[in-house]
Amino acid sequence: MNTISIQTIYFLSGWLQKKYPEVDLLSHNSGHLWYTFIGGNGDPHFNILHILSYFVIGAGFYLLSSAWHVLFFSQKMNKLAITGPYSKIRHPQYVAFAMIMFGFLLQWPTILTLLMFPILLIMYKHLALTEEREVRSIFGKAYDDYANKTPRFIPSWKVRS
């Protein structure tokens with residue numbers, strides 16, 4: 001277990017020991033708190049939340065990689081990134097980071113990560129707004145047209161006319 005996990009379990013140890021007396025607080029498996037909270041038995045690495053976390057993390061890394069590829073070549077050609085993931089959302093890399101962080105929260109929540117997750121989401125939103133102003137100053141109307149039809153973070157799967 002890492003230091004933050006140990007601190008979380010230590011902080012919650014009194015409550016955990018009363019509520020879940022069967023949990024061995026010194027084992028690696030006790031760090032998978034969601035599994036403990038839902039009353040799981042056996043190896044927590046095979047529960048539905050842990051498996052779901054692998055898909056969320058994997059999808060996040062895939063989105064991050066695809067978005068980076070599009071952004072890299074768009075910047076190299078001094079063009080607006082509007083293809084690939086950027087055709088569905090304006091900030092796929094921030095969405096990817098959020099997915100990866102959420103995936104890890106599903107598998108291994110700690111007090112620090114639970115506190116930091118919403119703070120990081122707020123910071124990413126602020127950074128996205130700042131970047132939008134910068135890109136608007138470079139691409140002007142082309143960016144405005146793109147922004148008017150492409151959602152910031154949550155894709156819309158509606159067919160546009």
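What is the relative accessible area of Arg136?

Modeller: Arg136 has a relative accessible area of 33%, so Arg136 is partly exposed. On this scale, buried means under 20% relative accessible area, exposed means over 50%, and partly exposed lies in between, with a 1.4 Å probe and protein chains only. The model is predicted, so local features need pLDDT of at least 70 and side-chain atom pairs count only at pLDDT 80 or more, while totals for chains, interfaces and linings use all residues. Residues are numbered from 1 along each chain as its sequence is written, and side-chain values use heavy atoms, with hydrogens and water left out.

Arg136 forms a salt bridge with Asp144, at 2.5 Å from N to O. A salt bridge here is a side-chain nitrogen of Lys or Arg within 4 Å of a carboxyl oxygen of Asp or Glu. Asp144 is also partly exposed, at 28% relative accessible area.

The surroundings of this pair come next. Arg136 is in H5, where Glu132, Val135 and Phe139 join it in meeting Lys141, Ala142, Tyr143, Asp144 and Ala147 of H6. Such contacts are heavy atoms within 4.5 Å. Helices are DSSP runs of H or I with at least four residues, and strands are runs of E with at least two, numbered from the N terminus. H5 covers residues 111-139, and its axis lies 6 Å from that of H6 at an angle of about 130°. H5 is therefore oblique to H6. Axes are lines fitted to C-alpha atoms, for helices over the stretch in contact, and angles run from 0 to 180 degrees between N-to-C directions. Angles under 35 degrees count as roughly parallel, over 145 as roughly antiparallel, 65 to 115 as roughly perpendicular, and the rest as oblique.

Glu132 pairs with Arg152, with the closest N and O atoms 2.9 Å apart. Arg152 lies in the segment after H6 and Glu132 in H5, so this pair ties together parts 20 residues apart in sequence. Glu132 is buried, at 4% relative accessibility, whereas Arg152 is partly exposed at 26%. Lys141 pairs with Asp145 at 3.0 Å, N to O. Asp145 and Lys141 are four residues apart in H6, so about one helical turn separates them. Lys141 is exposed at 60% relative accessibility, and Asp145 is partly exposed at 37%. Salt bridges with shared partners also join Arg90, Glu132 and Arg152 into one network.
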